[in-house]
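Keep the sequence and the 3D view side by side.

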Amino acid sequence: MKSRPLIALFLHATLLAPSFTSASDLVGWASVEAHGLKTTAGGGEAAPITVTTLETLKRLLADDVPRVLVVAGKIATGPKALDIKSNKTLMGADKNATIHGGLSIKRAANIIVRNLNIQGAGVGNDPADAIAARESHHLWFDHLNVWDSRDGNLDLTVGSDFVTVSWCKFWYTDATNDHRLSCLIGGGSTAGGTDTGKNRVTYHHNWFADLVRERMPRVLFGQCHLYNNLYTCEGNNYCIGSGSFASVLIEGNYFKGVKDPHKFADGNHAFITAKDNIYDKTKGKQETGLGGTDGPDVGPFTQPPYSYTAHPAKDVPAIVMKGAGPQ
């Protein structure tokens, strides 16, 4: 299918792009009932609290009390990532609200992070990841603009589970950073002890943009659903990698001028199902089916346990370029 140029699609995006989503618009694995939670609600109906300083934000995020925290202006975390405990909504007051440094979620649940710019620490600085979640579940990352981590822009490891990543833009500005590995799901091919039966993640309406090299995402052990995402990161190594007993459903995405839109990421068995995608001036691998040679077979993941509506792939550039990031 022949596609229109991205700039033309962008100029017509106003009619297609959504307004900023509400909590009722959650779609994907984070909406699925499990581990004693019916869905991901964050701070729920708690009265919003506007925060302008690191000290106040650290204090209000440090317990499991339900809170809705609204960041105004710019807050720098310093070399230690800001810890987020359970039952929190962390959001920006407007499209300029920024966290500079990193966010960390560890052994926590029921968290929403949305409508924020999150600028990583950059090459040679800590924290390594702009957002890192470990041993956590029911997380929703929505309408974020995430860039320039030293390592991962968003890494979900140590058995993190029931996660949705929606309407986010991921990118880098420093081409000298050789570790532009944006989004990891799983702790590595030897992490079966923590990751088997977990790592269930949905990525929808995200934009992988300038200078992202790999991991958009790289998936290990889990079941990952990727629909209506946009890939414009020319000069990359690969986009989506499925490895080590993962099963990935890739549908309705738009790949523009990139290398290896989807491939198997290691020698262990993994599965890729791909349908209804557009490959516009791409090159390299579009691997599907059962890949790898080692370990037990992995079956296809084709029926996510939630309702969703995918846009036609031809409309994805216009919709995502207009709607991704803070609104």
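**From one residue pair to the whole fold**

K106 stands opposite R134 in β9. The model is predicted, so local features need pLDDT of at least 70, side-chain atom pairs count only at pLDDT 80 or more, and totals for chains, interfaces and linings use all residues. Residues are numbered from 1 along each chain as its sequence is written, and side-chain values use heavy atoms, with hydrogens and water left out.

Stay with β9 for a moment. I105 stands opposite A133 in this strand. β7 and β9 (residues 131-134) pair in the parallel sense, over 4 bridges. Two strands are said to pair if DSSP finds at least two bridges between them. Strands themselves are DSSP runs of E with at least two residues, helices are runs of H or I with at least four, and both are numbered from the N terminus. Strands of a sheet pair through backbone hydrogen bonds, either parallel or antiparallel.

β7 (residues 103-106) also pairs with β4 (residues 82-83), again in the parallel sense, over 2 bridges. Here L82 stands opposite L103 in β7. Now widen the view. These strands belong to an open sheet of 8 strands, in the order β4-β7-β9-β11-β14-β17-β20-β23, with parallel pairing. The edge strands are β4 and β23 (262-264), and each pairs on one side only.

Next, look at the loop between β13 (169-171) and β14 (183-185), where H179 has its place. S182 lies in the loop between β13 and β14 too. Is S182 buried or exposed? S182 counts as buried, because its relative accessibility is 0%. The cut-offs are under 20% relative accessible area for buried, over 50% for exposed, and partly exposed in between, with a 1.4 Å probe and protein chains only. H179 counts as partly exposed, because its relative accessibility is 35%.

Their contacts (heavy atoms within 4.5 Å) can be listed, not counting residues up to four places away in sequence. On that basis, H179 touches R150, D151 and Y172. S182 touches G152, N153, L154, D155, F170, Y172, F208, V212, E214 and R215. For a sense of distance, H179 and Q327 are 29 Å apart in space, C-alpha to C-alpha, and 148 residues apart in sequence.

Now turn to helix α4 (residues 316-323). Because 7 of its 8 residues are buried, α4 is largely enclosed by the rest of the structure. The buried residues in α4 are V316, P317, A318, I319, V320, M321 and G323. G325 follows α4 and has a positive phi, near 90°.

Finally, step back to the whole chain. Its secondary structure comes to 4 helices and 26 strands. How does its radius of gyration, taken over C-alpha atoms, fit the globule rule of 2.2 Å times the number of residues to the power 0.38? With 327 residues, a compact globule would have a value near 20 Å, and the chain has 18 Å, which agrees. The C-alpha trace spans about 50 × 50 × 40 Å along its principal axes. Of the 327 residues, 59% count as buried. Among contacts with a separation of 6 or more, 65% come from residues 24 or more positions apart.

The chain exposes about 12800 Å² (Shrake-Rupley method, 1.4 Å probe; for residues, only the protein chains shown count as cover), and carbon and sulfur atoms supply 51% of that area.
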